[in-house]
Amino acid sequence: MKKNLFIIAALFGMLLSATSCQDMLETESNRQIFDPQLDQKTDSMFYTLGILKGVQQAIDQYVLVNEMRGDLTQVNQYTEADLRALANFSATVENKYDSAYVFYRIINNCNYFIAHRDTTLLTGSRNVSMPEYVQALSIRAWAYLQLAKIYGSVPFYTEPVTSISEANTVREKKDLRGIADALAPELAKYAGFEVPTYGDNIAVGQTNSGSNKRIDSRRTMFPVDLVLGDLYLESGQYTQAAQSYFNYLKTKQVPAEWYYCQPTFPEAIRRTLPSDIRYFYTTIATGVTAYSWERIFSMNSPNDVITYVPMAVNRLNGKTTDLPRLFGYDFYTTEVKVEQQGSMTRIYNYDKIYLLEREIDPSQSYLSLSGSQDYYYVPQSATTDAGNVNTLPAVGDLRRYNTFSYITLGDSAFNEMVKYEGGNIPIYRATTIYLRLAEAINRMGYPDAAFAILKDGLNRRLSTDTLYMRPETQEMLRTTIPFFSPENMETFQYNHGIHSYGSGYTEGVFSPYQYATELQKKLNELNAQFSIISDMGAITLQDQINAVEDLLCDEYALELAYEGNRFGDLCRLARHKNEAGLYGNDFGSRWLASKLAYKNPVVDLTNPQNWYMPFSK
């Protein structure tokens, strides 16, 4: 009986989780998700919102389990015991973040909707239930992926559990590959299917500062092609993963847009900067809008964020998030003052309190990685980029200064982690998809194309550039993943390189950021640490693939830090390194363990079984 408590809990969670969705969208529904009729046209919307409410209830755990066990965070004197246990891999089934229940509640709600929804209801010629039906398939697959990434092999079922006797049934277990094999074929039938939408400027409540919080309902949904791509990528089916990600980018016409950082630096760094630094520059086209990278985390503008979880504006309206507080500020306050509370200082400013007793700090690994990046720029006085691309080696990647903005209030100065300051948690961003696409393309055997996503963007100019791209790579990008085909060229003609978001002018022949240079740096770094290459003059394609994968790992950290991906990313890359067997079938395990050694884990992380949390609830 005890081993099935998580299913029983999910059953009762299903009964209660969707009685009201007012904290996400303004509805008047009191319909419960446990309703065997499902015969009204409006049921689809209310049941989908109930499923998304379950995602709200799981999202803090999703972020914390991945970030506390990754290499971008570290604990401090204020960190609570459960977070410390995650960080050093000592978490037991008593840990409050060890709850399979929060994901099985989502799954059981999806199972019930899929099993009982009438998918033949029409309004005119439009099938009014299929968008939500497909969305339930997609969210269920996403939830199963999270379970498998956290726990390894997990009980798997696709029928709804509606009684205690059903909950007591022994369930087959599946790992990531088993889940992909079970769910991907059905999802693939709906590739390109539109997500449901209930409005793009919906007021969901007033924040404590008095401003209205609004959401775009489409951005709360999980596109089929992205979940499908994740299923394939996690299970090592690289071509299928790349095709799924590309299908979304093509169908939705999502370019890699142009972002730049112009942060507020600490005084010591600001004094070292040249007066003529230009934070963005392009030679590809004129009239292309450059966006501030920090603006992404408003979630609604510009267009980088595809899926996010909007949390309630206050505790009276629904489910709130604890993430802002853990990273150093209280989103749910209106006071403006400085207050001493024993040994702790709270600095209040407008609609949040800056907490000097934050519980999660950036790791030295993250700070060192960011600080080691060169910054490239063309001076404002230059009229051409030829011979004028300068390098600033001391500044580092500027996304670090936007991720942790430098704040000065009174006589106190500290960093604020901005990604959750609106009480929203990103799941999919366009940049996330381009990086995962690069990972898949790299493992397909095209490290030069993967690097192009970092350096230049797969754009019109690069389609005829052979500076570092092999002929077979150009052909692959015209056919298999056809960014360079005539029909797709207009959509992607102005794509930009992702590394440029924090490191400036990376594009083209005049930038010092070049494939051969960055590849050699990474090979030298890996060889110094692991002694894996005996002859550095005889680098193979497989050596390049492994090194570019590490460049992508770095870019994941620089771009997506603290968004809930990190430990899952490390495990996936380590698993694929093991499977490749290039430097032994345990190289990925040794690689992962070395990245996390500073945490002094209580388990041996060279053993993949120790990557998973104990299964409970």
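A: Let's begin at the surface: Gln253 is exposed, because its relative accessibility is 55%. Buried means under 20% relative accessible area, exposed means over 50%, and partly exposed lies in between (1.4 Å probe, protein chains only). This is a predicted model, in which local features need pLDDT of at least 70 and side-chain atom pairs count only at pLDDT 80 or more, while totals for chains, interfaces and linings use all residues. Residues are numbered from 1 along each chain as its sequence is written, and side-chain values use heavy atoms, with hydrogens and water left out.

Q: Where does Gln253 lie?

A: Gln253 sits in the loop between helix H9 (238–251) and strand S8 (258–260). Helices (H or I, at least four residues) and strands (E, at least two) are DSSP runs, numbered from the N terminus. Gln253 is not a glycine, yet its phi is positive, at about 55°. Ser531 also has a positive phi, near 50°, in a residue other than glycine. Ser531 lies in the loop between helix H19 (515–530) and helix H20 (541–560), and its relative accessible area of 63% makes it exposed.

Q: How many helices and strands does the chain have, and what share of its residues is buried?

A: There are 22 helices and 20 strands. Of the chain's 617 residues, 61% count as buried. The accessible surface is about 22,900 Å², with 48% of it belonging to carbon and sulfur atoms; such areas come from the Shrake-Rupley method with a 1.4 Å probe, and for residues only the protein chains shown count as cover.

Q: How should I read a nonpolar core?

A: In soluble globular proteins, nonpolar side chains tend to be buried together. A nonpolar core here is a set of buried Ala, Val, Leu, Ile, Met, Phe, Trp, Tyr and Cys residues joined through side-chain atoms within 4.5 Å. In the largest one, of 183 residues, the members that touch the most others are Phe103, Trp142, Tyr144, Leu231, Leu437, Phe483 and Trp591. Helix H5 (residues 130–151) gives this core its largest share, 15 residues.

Q: Which residues does Trp142 touch?

A: Leaving out residues up to four places away in sequence, Trp142 touches Val55, Tyr62, Phe103, Phe222, Val227, Ile427 and Tyr428. Contact means heavy atoms within 4.5 Å.

Q: How do I describe two aromatic rings that meet?

A: A pair of aromatic rings is described by the distance of the centres and the angle of the planes. Rings of Phe, Tyr and Trp (its six-membered ring) pair if their centres lie within 6.5 Å; planes under 30 degrees apart count as stacked, over 60 as edge-to-face and the rest as tilted. That rule gives 31 aromatic pairs. One of them joins Phe483 and Phe492, a tilted pair at 4.7 Å centre to centre with 55° between the planes. Phe483 is buried, at 0% relative accessibility, and Phe492 is buried with a relative accessible area of 0%. Elsewhere, Tyr104, Tyr144, Tyr151, Phe156, Tyr157 and Phe615 make up one aromatic cluster.

Q: Which charged residues lie over the faces of Tyr157 and Trp591?

A: Arg171 lies over the face of Tyr157, 4.9 Å from the ring centre, and Lys577 lies over that of Trp591, at 5.0 Å from the ring centre. A charge sits over a ring if NZ of Lys or CZ of Arg is within 6 Å of the ring centre and within 35 degrees of the ring normal.

Q: Why is strand S20 described as largely enclosed?

A: Because six of the six residues of S20 (residues 424–429) are buried. Strand S10 (residues 305–310) runs antiparallel to S20, joined to it by five bridges; two strands pair if DSSP finds at least two bridges between them. Val309 has Ile425 in S20 as its bridge partner.

Q: What about an enclosed helix?

A: Look at helix H15 (residues 447–455): nine of its nine residues are buried, so H15 is largely enclosed by the rest of the structure. Its buried residues, including Phe451 and Lys455, pack against helix H14 (430–444), helix H16 (471–476), helix H18 (500–503), H19 and H20. Gly457, with a positive phi near 85°, follows H15.
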